[in-house]
Amino acid sequence: MTRLGSLPPRDLERLSAYLDGDLTPQDAKNLEARLGREPDLRQALDELRLVVSAVRGLPEVRVPRDFTLRGADVTRPASKAFPYLRFATVLATALFVLTTGIRTVSSVSLQLGAAAPAVELSAEGQQELFRDAAGTSEPTSEAAAVGEVAAAGAAATQTPVGTIVAPPTPGPAGTASAAPAGTSAAPSLVYGAETGALGPSDETAGADAVRTARVAPPVDPVVVAQAVLGAGALLLLVLTVRSRRRR
Amino acid sequence: MAAPGVRSSGRVVGCLATAQAPRYDAAMDEPALIADARRGDVEAFNRLVLAHQSKAFNLAYRITGDGESAADATQEAFLSAYRNLRGYRGGSFRAWLLRIVTNACYDELRRRKRRPAESLEAVDEDSPSGDGVRAEDVFFSTNESPEASAERAEVTRAIERCLNGLPDEFRTVVVLADILALDYAEVAGAMGSPIGTVRSRLARARARLRECLEASRELSGEQVRLAEGRPT
């Protein structure tokens, strides 16, 4: 058993720190005083000094090579998520392009099937309708004619073959259906058909026409999906680039 | 403050000193290089690497006990240091760097524990001093007699064996304080521990080393030489 092994931990720490010159002057002085009167403590210090000398005598090991960095070394490797993000980005972009393409093609084909002048007339008829609804209870024959054409145009917009679904009826029902034709065809046709069937009075029909004209167009779910896909693709693109960014 | 002078006994082995000394750039402006490196200047960082790679590798070698693992850990540590330079908040850059090296070595040791076949004991059989060079090949100065060289090699192997037998934290503190000659504050910075913990661990580690060396009876020759005041 060495002296060190039987030494109290506090004394061991003091001796070790003393060897390293890490004691305060006062603590060092106190320890030196003890060393002068305690042979075991002095023996323990000698043992500790031998160990420290032996360890400090170990050779410095040769560096096998330079550890300097090259440009390629400092390039941060792509994140593990990079392939997944890249796939998701491509998928979202493809879906966005696909839906946009389909929507564009269908829109063009519908426009080709519709009568362009009717749409223009429907706008004029709309203005005429507003005047009628606000001023007179009896629609003029001119307005009725415009309404008929607009209704026909709207119907044609819904059915590319040009079939007039709702028969043009003279009077307020016809004008009511014409009102929203320039903005949204489908609801106006349904509304016009209903009002025509019920046979409302002129005043009621005029008010309905104004209300119908002010109804906000419904949100097209395809457009919403497109917007979500577009935003998602953009976000994924940013994440993908960040996942493989260099320092 | 008492300064018994043991620290000044740090010996530089002849052939190693000539191999390593020229790489350190004493005139370098470390804060300026760090600032440049933070802005992405790899060359500035490489000057820091050249200044510190010897201590970094020696620390890694003494912790892992294996030249190849030490080289990998050192390279990984420098790369990590470059990428995380913004995490350096001032103080001793060397201590900050050596802490990264220490952590890289601990990672390596953990990996090794998951693969028990490559234990420190197995590595210690050959006791390579880096790059496949055995300790006795690099330890001695050229004017030492063959007998003295053989004796010193035995002592070196015994010390390395005892050092490798210490718990990781004890081995690290001994390497930092005694082999790399860092002061307590730098050791604390390199280990991420309070100075009190460093002082306590170092004392206990030295006591354990003494027990180990005594048990292997390898210290006796060194003891005689030291008692006679012969140069080591």
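This is a predicted model: local features need pLDDT of at least 70, side-chain atom pairs count only at pLDDT 80 or more; totals for chains, interfaces and linings use all residues.

User: Why is the link of Cys162(B) and Cys212(B) called a disulfide?

Analyst: The term needs a pair of cysteine sulfur atoms within 2.5 Å. Here the S to S distance is 1.9 Å, so the pair qualifies. A disulfide is a covalent bond between the sulfur atoms of two cysteines.

User: How many disulfides does a search of the whole structure find?

Analyst: The search finds 1 over all chains. Cys162(B) sits in helix 8 (residues 146-164) of chain B, and Cys212(B) in helix 11 (residues 195-216) of chain B. They are 50 residues apart, so the pair links distant parts of the chain. Helices are DSSP runs of H or I with at least four residues, strands are runs of E with at least two, and both are numbered from the N terminus.

User: What makes Cys162(B) buried or exposed?

Analyst: Buried means under 20% relative accessible area, exposed over 50%, and partly exposed in between (1.4 Å probe, protein chains only). Cys162(B) has 4%, so Cys162(B) is buried. Cys212(B) has 28%, so Cys212(B) is partly exposed.

User: And which label does Cys105(B) get?

Analyst: Cys105(B) has 0% relative accessibility, so Cys105(B) counts as buried.

User: How do you know what span to expect for helix 11 of chain B?

Analyst: Multiply 1.5 Å by one less than the number of residues. Helix 11 of chain B has 22 residues, and 32 Å is expected. From first C-alpha to last, helix 11 reaches 31 Å, close to that value. Its buried residues include Leu202(B), Leu209(B) and Leu213(B).

User: What is the label for Phe87(A), buried or exposed?

Analyst: Phe87(A) has a relative accessible area of 56%, so Phe87(A) is exposed. Phe87(A) lies in helix 4 (residues 82-113) of chain A.

User: What elements does chain B have, and how much of chain B is buried?

Analyst: Chain B has 12 helices and 0 strands. Buried residues make up 51% of its 232 residues.

Terms used:
Residues are numbered from 1 along each chain as its sequence is written. Chains are lettered from A and ligands numbered from 1 in the order in which they are written. Side-chain values use heavy atoms; hydrogens and water are left out.
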